[in-house]
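Hi,

Here is the structure we talked about. Please open it next to this email and follow along.

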Amino acid sequence: MITPASRILGTGHYLPSIVRTNADLEKMVDTSDQWIIDRTGIRERRIAPEGVVTSDMATAAAKQALEAAELKASDLDMIIVGTVTPDMPMPATAVFVQQKLGAGSCPAFDLSAACAGFIFGMSIADQFIRSGVMKNVLVVGVELLSRVINWEDRTTCVLFGDGAGAVILGPAGGATHDGKPRGLLSTKIQSDGLLAQSLMIPGGGSVAPMTTELIEQKKNKVHMRGQDIFKVAVKNLYSATKEALDMTGMTAEQVDWICPHQANLRIIDFAATRLGVPKEKVLINIDRVGNTSSASIPILLDENLRSGKIRTGDTVAMCALGAGISWGGAIVRI
Ligand code: ACO
């Protein structure tokens with residue numbers, strides 16, 4: 001039997017209050033409510049108001065997670081923020097979260113793995129807890145994608161939304177009523193740089209430093225080859241979940257819930273069918289929040305823990321894929 005090193009002590013999430021519906025988008029670009037629902041499953045998404053920045057959303061989610069874990073900010077040994085929409089290129093958004101939480105001088109850093117950022121963060125946190133170096137690690141997935149979307153590009157602007165989700169990972173302990181250990185049972189993370197060009201914000205870095213011309217050409221916004229990502233997402237979400245399950249010796253049938261990254265309902269349906277998991281076990285909120293990239297899984301997880309749908313002792317399989325491309329899977333017993 002697997003002996004987990006870490007477990008989820010608390011979760012939280014934050015969604016901004018502004019709702020942008022498909023009807024709103026019909027007024028902005030040549031699209032329709034029906035097209036968006038049929039091709040993606042999205043009905044509305046949340047947009048952060050002017051003045052709200054990435055670290056504000058991350059801090060709100062982190063505060064909820066700390067409260068749920070019954071911990072203080074000063075109890076944190078490390079802060080990891082998965083994001084591709086930081087407050088600024090330097091310093092890390094994680095240090096602004098540290099400042100806003102009033103946490104001590106623990107290491108705080110960002111990691112860039114796009115939609116897979118949260119799973120990468122969990123995997124890294126687990127290694128530090130496993131080694132005994134760290135005890136309580138805050139892992140946040142947060143994105144303010146509305147500021148890097150080209151709102152004139154119908155192939156991307158209908159997909160994304162803003163939000164944050166947070167988890168506190170701490171040392172494993174406790175067992176379910178039938179004696180199974182609670183905790184993070186496995187993580188599997190991977191990247192394939194050969195597909196880097198499929199999804200990127202091409203301007204603003206060392207390749208193409210920010211200029212007025214670059215901004216006019218919208219090179220500081222998301223560019224995506226949607227179909228390339230679609231194909232690889234179905235394949236890799238399946239393989240990441242399967243490989244993470246194999247590491248635990250479990251089958252997909254033994255999992256209570258699949259908590260997948262919410263990129264496209266069709267991608268999720270195809271991957272779940274390949275895994276042989278019935279629809280009732282697949283958690284979904286893409287209709288209400290769209291694709292919030294690294295925030296997607298922790299938001300979905302927290303919503304379902306707070307509603308009581310996911311209960312103590314349940315086994316949850318998480319999987320995500322995004323720009324990089326980077327992808328991963330994780331199996332956790334709550
Ligand atoms: N409204 C209406 N028509 C549209 C829209 C729209 N919003 N967007 C595209 N179309 C049109 C296209 O122009 C095309 O028209 P044509 O046939 O006349 O050329 C037609 O619809 C079909 O376009 P496709 O690209 O073939 O549509 P598809 O079914 O592939 O759906 C989508 C597009 C939703 C983007 C899909 O490919 C997808 O979800 N891809 C994966 C995206 C993703 O998962 N990204 C994840 C990572 S995000 C991250 O890491 C931050």
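How many cavities of 30 Å³ or more does the structure hold? It holds 1. Before the details, please note that this is a predicted model.

**The cavity**

The largest cavity has a volume of about 50 Å³. Its lining is made up of Leu-237, Ile-258, Pro-260, Ile-268, Ala-271, Ala-272, Leu-275 and Cys-319. By class, that gives 8 nonpolar residues, no polar ones and no charged ones. Two elements, strand 11 (257-260) and helix 9, each supply at least two residues of this lining. Helix 9 gives the most, with 4 residues.

**The domains**

The domain assignment gives domain 1 (6-174) and domain 2 (180-333). Their C-alpha centres lie 13 Å apart. Contacts link the two: 57 residues of domain 1 touch 48 residues of domain 2.

**The largest pocket**

The largest pocket holds about 920 Å³ of space. Its lining counts 35 residues. Nearest the centre of this pocket lie Val-84, Thr-85, Pro-86, Val-148 and Ile-201. By class, the lining has 22 nonpolar, 10 polar and 3 charged residues. Both domains take part: domain 1 (6-174) and domain 2 (180-333) each give at least three residues to the lining.

**The second largest pocket**

The second largest pocket has a volume of about 670 Å³. It is lined by 28 residues. Look for Leu-159, Met-224, Gly-226, Gln-227 and Asn-264, which lie nearest the centre of this pocket. Helix 8 has the largest share, at 7 residues. The classes split into 14 nonpolar, 9 polar and 5 charged residues. Domain 1 (6-174) and domain 2 (180-333) each provide at least three residues of this lining.

Asn-304 is found in helix 11 (residues 296-306). Is Asn-304 buried or exposed? Its relative accessible area is 9%, which is under the 20% cut-off, so Asn-304 counts as buried.

What does the side chain of Asn-304 reach? It reaches the backbone oxygen of Leu-300, at 2.8 Å. Which residues is Asn-304 in contact with, leaving aside its neighbours within four places in sequence? These are Leu-283, Lys-309 and Ile-310.

One more pair can be checked on screen. Asn-304 and Cys-259 are 45 residues apart in sequence. In space, C-alpha to C-alpha, Asn-304 and Cys-259 are 9.6 Å apart.

**Where to start**

Start with the two pockets, the one of about 920 Å³ and the one of about 670 Å³. Finish at Asn-304 in helix 11.

Best wishes

Methods:
Residues are numbered from 1 along each chain as its sequence is written. This is a predicted model: local features need pLDDT of at least 70, side-chain atom pairs count only at pLDDT 80 or more; totals for chains, interfaces and linings use all residues. Side-chain values use heavy atoms; hydrogens and water are left out. On a 1 Å grid over the protein atoms alone, a cavity is a set of points where a 1.4 Å probe fits but cannot get out, and a pocket is an open set with protein on both sides within 12 Å along at least five of seven lines; lining residues have an atom within 4 Å of a point. Grid points are joined across faces, edges and corners, and a volume is the space filled by probe spheres set on the points. Ala, Val, Leu, Ile, Met, Phe, Trp, Tyr, Cys and Pro count as nonpolar, Asp, Glu, Lys and Arg as charged, and the others, Gly among them, as polar. Domain bounds come from an automatic or database domain assignment. Buried means under 20% relative accessible area, exposed over 50%, partly exposed in between (1.4 Å probe, protein chains only). Contact means heavy atoms within 4.5 Å. A polar contact is a pair of N or O atoms within 3.5 Å; within protein, one must be able to donate a hydrogen and the other to accept it, and residues adjacent in sequence count only if both atoms are side-chain atoms.
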